[in-house]
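User: I'd like to go through this two-chain model with you, one question at a time. Could we start with where the chains meet?

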Amino acid sequence: MTALIEQGTLLLGDEAIAQAALDAGLSGAYGYPGTPSTEIIEYIQKAPEALAGNVHREWSANEKTAMEEALGMSYCGLRSMVTMKHVGLNVASDAFVNSAITGVNGGMLVVVADDPSMHSSQNEQDSRYYARFAHVPLLEPASQQEAYDMTYAAFKMSEELALPVMLRLTTRLAHSRAEVRRQPVLPKGKVVFPTNKRQFILLPANARRNYVALLDKQVRLRSLSLESTWNESYDGTDKSCGIIVAGVAFNYLKEIYGGTQFPHPVVRVSQYPVPGEMITRLARECDELLVIEEGYPFIEEMLRGIVDMGLKVRGRLSGALPRTGELSPDSVGAALGFDTAAHFSVPDVVAMRPPSLCKGCPHTDSYLFLNKALENRAMSRVFSDIGCYTLGALPPFDAINSCVDMGASITMAKGAADAGVRPVVAVIGDSTFTHSGITGLLDAIYENSPITVLILDNEATAMTGAQDSIATGRLERLVLGLGVDPEHFHVVTPLKNQHEKNVEVLERELAHEGTSVIISKRVCIQATKRNRG
Amino acid sequence: MKCDLIIAGVGGQGIISIAAVLAQAAIDARLYVKQSEIHGMAQRGGAVHSHLRLSSNPIASDIIPLKSADMILSVEPMEALRYLPYLSREGWAIANATPFENIGNYPSMDTIRAAYDALPRHILFDADALAKELGSPRSMNMAMLGAASHFVEMPPEALAKAIHARFISKGERIAELNVTIFHAGREVAKKATEKSMA
Ligand SMILES: Cc1ncc(C[n+]2csc(CCOP(=O)(O)OP(=O)(O)O)c2C)c(N)n1
Ligand code: SF4
């Protein structure tokens with residue numbers, strides 16, 4: 001075999017972003033775990049240069065606190081990055097949208113990892129809408145090298161525009177490895193406060209001024225999109241169809257045609273706002289357009305508009321591509337008329353293998369005593385939350401009635417108690433509790449709502465790979481500090497030999513006409529293994 | 001050179017190590033590599049798989065298109081079958097015969113064997129037993145990698161080197177043991193193909 005390429009480093013899309021940020025002079029990485037974004041911060045936590053350069057790299061309580069911490073660092077003139085999964089941006093959206101109004105000082109990059117097909121999420125929302133909503137530029141890499149290069153360039157772009165820049169990636173890229181070549185390491189910044197003292201004070205008078213300035217910047221953003229080397233036009237002779245392609249879908253198009261010698265004219269979008277003139281040109285020269293984009297039909301919807309101008313547009317909305325889920329070389333091939341029928345099919349003997357709680361998981365024992373205490377109480381409801389313990393929804397437990405968004409267990413339980421339902425239980429993990437359960441518990445305590453909150457403290461953020469939980473070592477004090485009545489506060493151990501006792505404690509609190517909190521505390525098996533290994 | 005593999009198994013069975021060794025050896029041989037994995041809830045015994053693509057030309061897609069994988073390599077017998085639509089007409093299905101039964105409706109081994117028998121090219125062997133016999137039950141995945149390597153256009157020494165490098169942090173003895181088990185797995189595939197040629 002001959003030497004084909006110079007050796008780089010094999011990195012996940014997530015890791016390429018982390019390395020690029022470090023190389024670009026990052027001073028602080030902030031974030032809350034969430035698949036598929038978690039490996040970005042994990043990489044920085046292990047990177048020797050982050051340790052040597054004292055780059056901030058601890059997990060934050062939630063995405064909103066992370067975003068604001070990153071903004072605070074940017075205020076001081078340093079480069080910061082905040083990472084999260086797509087639904088995390090819902091949590092951080094107040095800070096995000098307003099950071100576009102304040103603008104930034106040091107370069108600030110907001111990295112959001114979307115999860116089309118919901119491999120490990122409760123929805124497949126498309127973060128590109130958020131970038132447009134906030135009027136900030138967005139970069140969407142298709143390869144690991146682009147993830148690196150875009151991240152590296154984004155900080156400078158952010159500083160030049162005095163705006164946060166968003167980088168959107170999807171599961172496939174986040175969790176796929178390829179060789180990445182690095183650029184020169186840049187020095188970290190020095191503290192320099194913003195020259196305009198009012199920039200970050202969003203009193204209406206200032207905010208109005210800032211907002212107009214933000215709208216004025218849009219002209220600049222559009223011309224940057226047109227000049228961007230990441231937005232490309234490819235010639236093609238068959239003008240019966242023009243193709244607009246975005247995100248990792250570009251890889252699938254190249255796969256199908258064996259490179260970039262496309263038969264049809266192609267416009268590739270990877271820097272937003274959408275480069276309007278490039279698309280207009282394509283629309284003029286082609287009979288119809290096929291839009292291939294990972295996520296929602298964001299560009300396709302823009303093209304269709306409301307008034308029918310006779311433009312023929314195919315894509316996820318027209319049914320040419322599946323409306324939901326991740327794209328693949330196969331779905332893209334099918335839209336282009338290729339035969340994608342397989343040679344072999346999945347034999348009937350193959351059974352589903354859903355995930356289940358690990359052997360010896362503390363949550364198992366917690367659900368066993370919960371189910372026992374609620375036996376024969378048909379009117380009881382259990383509002384749960386997001387974490388490993390959501391698997392309590394599946395057999396053999398069938399123990400929970402809801403899982404909506406992080407923190408929603410306690411608050412929905414309160415709503416149900418307000419509706420007169422008894423008994424009502426909230427089941428929440430320790431990390432989810434500090435993420436956004438605390439404020440809900442304050443509501444309940446304030447009204448002494450008759451709910452029993454079961455906090456499953458496994459001393460880890462297990463679901464996403466057993467990261468440290470900031471609740472560890474302080475959960476009891478935290479809960480009591482919020483004002484829970486000590487008479488109705490208990491710490492139990494979810495173990496077989498404690499089962500009867502735990503059932504008893506729970507039954508007693510279910511009968512209490514007020515807020516009770518029970519912490520069920522035993523460490524996650526995977527966290528133990530990790531700490532040993 | 002082009003080799004597209006789907007590596008399958010159950011969370012915790014070590015498919016990541018297989019992919020990592022192949023990928024590193026390919027990088028060392030100056031090949032292009034893409035390795036994509038879906039490991040959502042891997043730690044809890046669900047089905048997991050990885051798409052590994054090696055090529056002397058640039059690789060576009062992180063996912064292997066349907067009906068084009070050169071191999072499905074599975075550390076568990078039922079799991080390989082889940083990905084059959086990816087297998088090319090000439091592709092190989094290579095799987096460990098020891099089932100990982102953590103579900104109530106796990107099919108009988110006879111029906112699983114029948115599904116393999118319906119495939120033109122397959123190797124089903126007990127990699128658990130082989131690894132155990134050679135003194136390291138946990139190295140079953142390296143036996144599977146060995147079997148796969150017989151069909152991958154890459155010198156076995158390069159793979160052995162990558163295995164050694166991956167396990168050396170656990171000591172020279174463990175590293176050597178993994179290399180030995182890799183070679184044993186390779187022999188199994190060699191013999192199986194010789195038999196089918198004859
Ligand atoms: C807003 C938001 N951020 C992040 C996630 C990803 N996520 C799901 S559960 C979870 C943490 C679970 O930790 P914990 O509550 O302690 O439960 P455990 O998994 O340890 O049982 C995270 C980070 C999410 N679903 N939504
Ligand atoms: S990772 Fe931890 S919390 Fe999650 S199922 Fe396994 S033992 Fe339980």
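This is a predicted model: local features need pLDDT of at least 70, side-chain atom pairs count only at pLDDT 80 or more; totals for chains, interfaces and linings use all residues.

User: Which residue of β2(B) stands opposite Ser176(A)?

Analyst: Ser176(A) belongs to strand β7 of chain A, residues 176-180, which is joined to β2(B) by three bridges. The two strands run antiparallel. In β2(B), the residue opposite Ser176(A) is Ser36(B).

User: What is the order of strands in the sheet that holds β7(A) and β2(B)?

Analyst: The sheet is open and has eight strands, with mixed pairing. Its edges are β1 (9-12) of chain A and β6 (122-125) of chain B, each of which pairs on one side only. Neighbouring strands are turned by 20° against each other on average, direction ignored. The order is β1(A)-β7(A)-β2(B)-β3(B)-β1(B)-β4(B)-β5(B)-β6(B).

User: Which residue is the bridge partner of Glu37(B) in β3(B)?

Analyst: β2(B) and β3(B) run antiparallel and are joined by seven bridges. For Glu37(B), the bridge partner in β3(B) is Ser50(B).

User: Which residue of chain A forms a salt bridge with Glu37(B)?

Analyst: The rule finds four salt bridges across the interface of chain B and chain A. In the one with Glu37(B), the closest N and O atoms are 3.2 Å apart, and this is within the 4 Å cut-off. The partner is Arg177(A).

User: Which element gives the largest share of the side of chain B that touches chain A?

Analyst: Several elements give two or more residues to that side, among them α1 (15-28), β3 (47-55) and β5 (87-96) of chain B. The residues there divide into 28 nonpolar, 14 polar and 13 charged. The largest share is seven residues, and the element that gives them is β2(B).

User: How much area is buried between chain B and chain A?

Analyst: The contact takes 55 residues from chain B and 53 residues from chain A. Between the chains there are 21 residue pairs in polar contact, both residues being at pLDDT 80 or more. Carbon and sulfur atoms give 59% of the buried area, which is about 4800 Å².

User: One last thing: what angle does the direction of helix α7 of chain A make with that of β7(A)?

Analyst: Helix α7 of chain A covers residues 144-161 and packs on the sheet. The strands that α7 touches are β1 and β7 of chain A together with β2 of chain B. Its direction and that of β7(A) make an angle of about 65°.

Conventions. Residues are numbered from 1 along each chain as its sequence is written. Chains are lettered from A and ligands numbered from 1 in the order in which they are written. Side-chain values use heavy atoms; hydrogens and water are left out. Contact means heavy atoms within 4.5 Å. Buried area is the accessible area (1.4 Å probe) that two parts lose on being put together, summed over both. A salt bridge is a side-chain nitrogen of Lys or Arg within 4 Å of a carboxyl oxygen of Asp or Glu. A polar contact is a pair of N or O atoms within 3.5 Å; within protein, one must be able to donate a hydrogen and the other to accept it, and residues adjacent in sequence count only if both atoms are side-chain atoms. Helices (H or I, at least four residues) and strands (E, at least two) are DSSP runs, numbered from the N terminus. Ala, Val, Leu, Ile, Met, Phe, Trp, Tyr, Cys and Pro count as nonpolar, Asp, Glu, Lys and Arg as charged, and the others, Gly among them, as polar. Two strands pair if DSSP finds at least two bridges between them. Axes are lines fitted to C-alpha atoms, for helices over the stretch in contact, and angles run from 0 to 180 degrees between N-to-C directions.
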